[in-house]
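The sequence and structure come first.

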Amino acid sequence: MGRLLSIGLLLLALTGCSEPPQKEIDQAQTAVDLARTAGADRYATEEYTAAASGLQKARTAVEQRDYRQALSYAIDARQRAQNAIRQAGDGKARAQRATEALLTAIVARTTQLETRLKTAEAARVPAKELRGARAALEDVRKDLQEARTEIGAGNYEKAGEQLASVRKKLDAALVNVEKIPQRPPRRR
């Protein structure tokens, strides 16, 4: 009787895993797709990569007819993808804050350059000496507008790269304006 019960349980276990866990694999695929849409491939790279890898392992296990292992991989992939979605939200928020802080600092530096140019004009610095700084200021304004567009679209990485480039231009222009010898204003 005990032997018959053991054989029955074994047959039940084998029939429970006689089909691929397609439902779980589909759920994992959906979760991985949602994670990618949420930006997990950029903001939660490690967890997203683990989820995608787990999904691939589940498919490989199905090909090898190891359905229990496939089920395990699919469930793990789904969980990791869900974790990646949460981490992506946090990472995206951090990237947004950092990019906006950089933008604020650059806008302040731009105002500083504008003020220094006005001061140089008031000191009657020849226009040809200010030409380079004025051109840089125009470039900075254009680049800032492009960076704001990227920020508005949620492309914080690209905006951050643009802002880093803008900051270099701006810093160089400020150094050049500071090197211009200031002449005292003429008295009337």
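At 29% relative accessibility, arginine 80 is partly exposed. The model is a predicted one. The side chain of arginine 80 forms a salt bridge with that of aspartate 76, with an N to O distance of 3.2 Å. Aspartate 76 is also partly exposed, at 34% relative accessibility.

Both residues belong to helix 5, which covers residues 67–122. Arginine 80 and aspartate 76 are four residues apart there, about one turn of the helix.

## A pair between two helices

Glutamate 121 and arginine 134 also form a salt bridge, and their closest N and O atoms are 1.5 Å apart. Glutamate 121 lies in helix 5, while arginine 134 lies in helix 6 (residues 127–152), so this pair ties together parts that are 13 residues apart in sequence.

Glutamate 121 has 38% relative accessibility and counts as partly exposed. Arginine 134, at 34%, counts as partly exposed as well.

## A pair with a buried partner

Another salt bridge links glutamate 150 with lysine 158, whose closest N and O atoms are 3.7 Å apart. Is glutamate 150 buried or exposed? Glutamate 150 counts as buried because its relative accessibility is 15%, and the cut-off for buried is under 20%. Lysine 158, at 44%, counts as partly exposed.

Technical notes. Residues are numbered from 1 along each chain as its sequence is written. This is a predicted model: local features need pLDDT of at least 70, side-chain atom pairs count only at pLDDT 80 or more; totals for chains, interfaces and linings use all residues. Side-chain values use heavy atoms; hydrogens and water are left out. A salt bridge is a side-chain nitrogen of Lys or Arg within 4 Å of a carboxyl oxygen of Asp or Glu. Buried means under 20% relative accessible area, exposed over 50%, partly exposed in between (1.4 Å probe, protein chains only).
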